[in-house]
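Trainee: I should like to learn how to read the features of a protein model. May we go through one together?

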Amino acid sequence: MFARLVLLFTLVPALEIYLLIKVGAGIGAMNTILLIIATGVVGAHYARLQGFYVLRRLEASLAEGRLPAGEILEGAMLLVGGALLITPGFLTDLVGFSLVFPLTREWWRRRLVEWLRRRLERGEIVIVRRRGPWDGGP
């Protein structure tokens with residue numbers, strides 16, 4: 001796990017710097033900066049709109065007495081996508097937009113659910129339910 005984190009926190013910024021230099025050489029430094037700002041503003045705005053949409057669906061699920069697990073997962077994905085969109089860089093913007101737009105977010109959601117299911121089946125993730133004061137426990 002540590003090796004993956006080291007790769008993530010060194011390889012991704014190195015790729016971002018490389019892309020920023022390449023794009024900057026092609027369209028100019030000021031245009032590159034403006035493009036980064038524009039993708040951040042547009043992406044954050046769209047993430048906010050999608051967040052309100054998912055929040056309304058979450059409230060509807062609760063009103064119907066259903067567990068809003070899908071909406072909670074989508075909300076987490078929007079949070080990560082929004083954070084990536086305000087992070088300077090083209091690679092993070094690409095992943096951020098894919099987490100914010102509904103069609104690609106659904107693709108990510110299916111992959112994440114399948115990944116979690118496999119880990120649960122192999123026993124790599126264990127869910128322990130403790131009784132709390134709301135269900136008669138201590």
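Mentor: Let us begin with P13, which counts as partly exposed because its relative accessibility is 34%; buried means under 20% relative accessible area, exposed over 50%, and partly exposed in between, with a 1.4 Å probe and protein chains only. This is a predicted model, in which local features need pLDDT of at least 70 and side-chain atom pairs count only at pLDDT 80 or more, while totals for chains, interfaces and linings use all residues. Residues are numbered from 1 along each chain as its sequence is written, and side-chain values use heavy atoms, with hydrogens and water left out.

Trainee: In which helix is P13 found?

Mentor: Helices are DSSP runs of H or I with at least four residues, numbered from the N terminus. P13 is found in helix α1, and L15 is in helix α1 as well.

Trainee: How far apart in space are L15 and L91, C-alpha to C-alpha?

Mentor: They are 7.7 Å apart, although 76 residues separate them in sequence. For P13 and L67, 54 residues apart along the chain, the C-alpha separation is 38 Å.

Trainee: How does one check the span of α2?

Mentor: The expected span of a helix is 1.5 Å times one less than its number of residues. For the 35 residues of α2 this gives 51 Å, and the end C-alpha atoms are 51 Å apart, so the two values agree.

Trainee: Which elements do the buried residues of α2 pack against?

Mentor: They pack against α1 (2–27), α3 (69–86), α4 (90–100) and α5 (102–121). Among the buried residues of α2 are T32, I36, G43, A47 and V54.

Trainee: Which residues make up the largest nonpolar core?

Mentor: A nonpolar core is a set of buried Ala, Val, Leu, Ile, Met, Phe, Trp, Tyr and Cys residues joined through side-chain atoms within 4.5 Å. Here the largest one has six residues: A47, V54, L78, L85, F97 and V100. Two or more of these residues come from each of α2, α3 and α4.

Trainee: What is F97 in contact with, leaving aside its neighbours within four places in sequence?

Mentor: Contact means heavy atoms within 4.5 Å. On that basis F97 is in contact with T39, G43, L85 and T104.
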